Amino acid sequence: GEGGFALECSAKVWSAMEKVWEGALPVHGHRLLQLCLVMCGRYAEWADGWLAYLAKSPNEKDRESEGYAQRSEEELRTASSIAADCKHLSSKVNKDLADAVTKSLASNGIPPPGDALTSAISPASAALTTRVPKATSHIVTIVAQRCSEPLAAVRAITSQYRMTNKPAPSKPSLYVAGVVSPLKAAAGPAGCLRLVDEGMRRVCLDEVAGRVCGRMVELVEELFGNVRKLTQTLKKL
């Protein structure tokens, strides 16, 4: 998108900050900087509002409603866009905004503010970066849920092999493809994670894999526990 942003509103926020410093007079510098930092704060609040909305778990009626799957995909893309844009805007505030302020002051013979400027900008920049893990957490939760749904088939494994004389499987069960598919889709060219950088993408994929593997372990332990109980019961007969 424009300026490297995924969302138009994010690009407009940065564009507004750039315009603030076009031909700025140093006598108003502190007020103009304050205005830019307020913009950052408002943007962070807007991101919080969206993330709070996305965090609400849909009820069964919502899941069964027409168009739910499409809305769910749109929400994933929104979360991914917010994560990418918060990180990008934070970076631009730290570097480009600081450069614009310094350049404006230098053009009027005022020495660079140095650490004072960094101290003024850092809280606003940090406020933006703290929204990134909140956004990616939503992505991880949804994708992990989708990957975990096919794992319910693990509970049926004993019934498929008990007293059937079937040989041990030599290839993955059919449900495994359903487990991996949502993860591949999220990381693919059209997936929600295409908007975030490589580092953020790896973190999300690792977290999803960790949650799904954890769920698999829980189900396998439950399965083994049921088999042990059945074996003990049969021994008593």
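**Notebook: a look through a helical model**

I began with helix H2 and listed its buried residues: Gly29, Leu32, Leu33, Cys36, Met39, Cys40, Tyr43, Ala44, Ala47, Leu51 and Leu54. I take buried as under 20% relative accessible area, exposed as over 50%, and partly exposed as in between (1.4 Å probe, protein chains only). Helices here are DSSP runs of H or I with at least four residues, numbered from the N terminus.

Before going on, I noted that this is a predicted model, where local features need pLDDT of at least 70, side-chain atom pairs count only at pLDDT 80 or more, and totals for chains, interfaces and linings use all residues. Residues are numbered from 1 along each chain as its sequence is written, and side-chain values use heavy atoms, with hydrogens and water left out.

**Length of H2**

I checked the span of H2 next. The expected span is 1.5 Å times one less than the number of residues. For the 27 residues of H2 that gives 39 Å, and the end C-alpha atoms are 39 Å apart, so the two agree.

**The core**

Then I looked up the largest nonpolar core, which has 55 residues; Met17, Trp21, Leu89, Val93 and Leu97 touch the most other members. Such a core is a set of buried Ala, Val, Leu, Ile, Met, Phe, Trp, Tyr and Cys residues joined through side-chain atoms within 4.5 Å. Helix H4 (68-106) is one of the helices that each supply at least two residues of this core. H4 gives the largest share, twelve residues.

Not counting residues up to four places away in sequence, Leu97 touches Trp14, Trp21, Leu33, Cys36, Lys92 and Ile121; contact means heavy atoms within 4.5 Å.

Is lysine 92 buried or exposed? Lysine 92 lies in H4 and counts as buried, because its relative accessibility is 14%. Beyond four places in sequence, Lys92 touches Gly3, Phe5, Trp14 and Leu97.

Serine 80 is also placed in H4, and at 0% relative accessibility serine 80 counts as buried. Leaving aside neighbours within four places, I found serine 80 in contact with Ile139, Cys192, Leu193, Leu195 and Val196.

Lysine 56 sits in the loop between H2 and helix H3 (60-64). Lysine 56 is exposed, because its relative accessible area is 62%.

**A pocket**

Last, I visited the second largest pocket. Its lining includes Ala153, Tyr161, Lys171 and Tyr175. Helix H7 (residues 157-161) gives the most to this lining, with three residues.

A pocket is an open set of points on a 1 Å grid over the protein atoms alone, where a 1.4 Å probe fits, with protein on both sides within 12 Å along at least five of seven lines; lining residues have an atom within 4 Å of a point.
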